[in-house]
Amino acid sequence: QVTLVESGGGLVQAGDSLRLSCVVSGRAIGNSMISFFRQWVGKEERQFVAGIRWSATYYADYVTGRAAISKDNTENTVELQISSLKPEDTAVYYCAMSNRVTTQVDAMDFWGKGTLVTVSS
């Protein structure tokens with residue numbers, strides 16, 4: 001059974017940085033793409049934030065330059081750091097796994113339960 005568990009969410013102030021972690025169990029992440037998506041509270045749409053597969057990284061335009069995603073294959077963990085946080089970054093952040101490079105929500109094979117990030121102005 002594959003499980004993904006996010007952590008690192010919380011209440012921060014605008015301009016702060018935050019590091020989110022995703023720990024994967026049940027499958028090695030080496031050949032998979034691990035991505036972070038976000039979903040605004042009360043909204044159904046999930047939006048791609050960033051992803052990593054092997055050494056290649058992918059970012060949504062709105063976080064390019066202020067986000068960094070990395071992984072530790074030994075620990076089966078992926079981390080996403082976002083700096084210069086804005087109130088509009090407030091959302092539930094989800095970790096997801098896919099077997100190919102994609103940013104499509106429907107292509108994800110597994111999801112975590114999410115962690116809430118609240119950015120106060």
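Reader: In what order do the elements of the protein chain run from the N terminus on?
Author: First, the ground rules: this is a predicted model, where local features need pLDDT of at least 70, side-chain atom pairs count only at pLDDT 80 or more, and totals for chains, interfaces and linings use all residues. Residues are numbered from 1 along each chain as its sequence is written, and side-chain values use heavy atoms, with hydrogens and water left out. Helices (H or I, at least four residues) and strands (E, at least two) are DSSP runs, numbered from the N terminus. There are zero helices and 11 strands, and read from the N terminus the order is β-β-β-β-β-β-β-β-β-β-β.

Reader: What box do the C-alpha atoms fill, and what percentage of the 121 residues is buried?
Author: Taken along the principal axes, the box is roughly 40 × 25 × 25 Å. Buried means under 20% relative accessible area, exposed over 50%, partly exposed in between (1.4 Å probe, protein chains only). On that scale, the buried share of the 121 residues is 43%.

Reader: Among contacts between residues at least 6 apart in sequence, what percentage joins residues at least 24 apart?
Author: Contact means heavy atoms within 4.5 Å. Take the pairs at least 6 apart in sequence, and the share that joins residues at least 24 apart comes to 56%.

Reader: How many disulfides does the structure hold, and which cysteines are joined?
Author: A disulfide is counted when a pair of cysteine sulfur atoms lies within 2.5 Å. The structure holds one, with an S to S distance of 1.8 Å, and the partners are cysteine 22 and cysteine 95.

Reader: Where does that pair sit in the chain, and is cysteine 22 buried or exposed?
Author: The disulfide between cysteine 22 and cysteine 95 links distant parts of the chain, 73 residues apart: cysteine 22 is in strand β3 (residues 18-25) and cysteine 95 in strand β9 (residues 91-98). Cysteine 95 has a relative accessible area of 0%, so it is buried. Cysteine 22 also comes out at 0% relative accessibility, so it counts as buried.

Reader: Is the disulfide left-handed or right-handed?
Author: Look at the torsion about the S-S bond of cysteine 22 and cysteine 95, which is about -75 degrees. That value is why the disulfide is left-handed.

Reader: Which residues does phenylalanine 48 contact, leaving aside its neighbours within four places in sequence?
Author: Phenylalanine 48 is in strand β5 (residues 47-53), and its relative accessible area is 11%, so it is buried. Its C-alpha atom is 8.0 Å from that of tyrosine 59, 11 residues apart along the chain. With those neighbours set aside, the contacts are Met33, Ser35, Phe36, Phe37, Tyr58, Tyr59, Ala60, Tyr62 and Thr103.

Reader: Which residues does aspartate 72 contact beyond four places in sequence?
Author: Aspartate 72 is found in strand β7 and counts as partly exposed at 33% relative accessibility. Its C-alpha atom is 9.0 Å from that of glycine 30, 42 residues apart along the chain. Its contacts, leaving aside neighbours within four places, are Ile29 and Thr77.

Reader: Which residues does asparagine 73 touch, not counting those up to four places away in sequence?
Author: Asparagine 73 lies in the loop between β7 and β8 and counts as partly exposed at 45% relative accessibility. With residues up to four places away left out, asparagine 73 touches Ile29 and Gly30.
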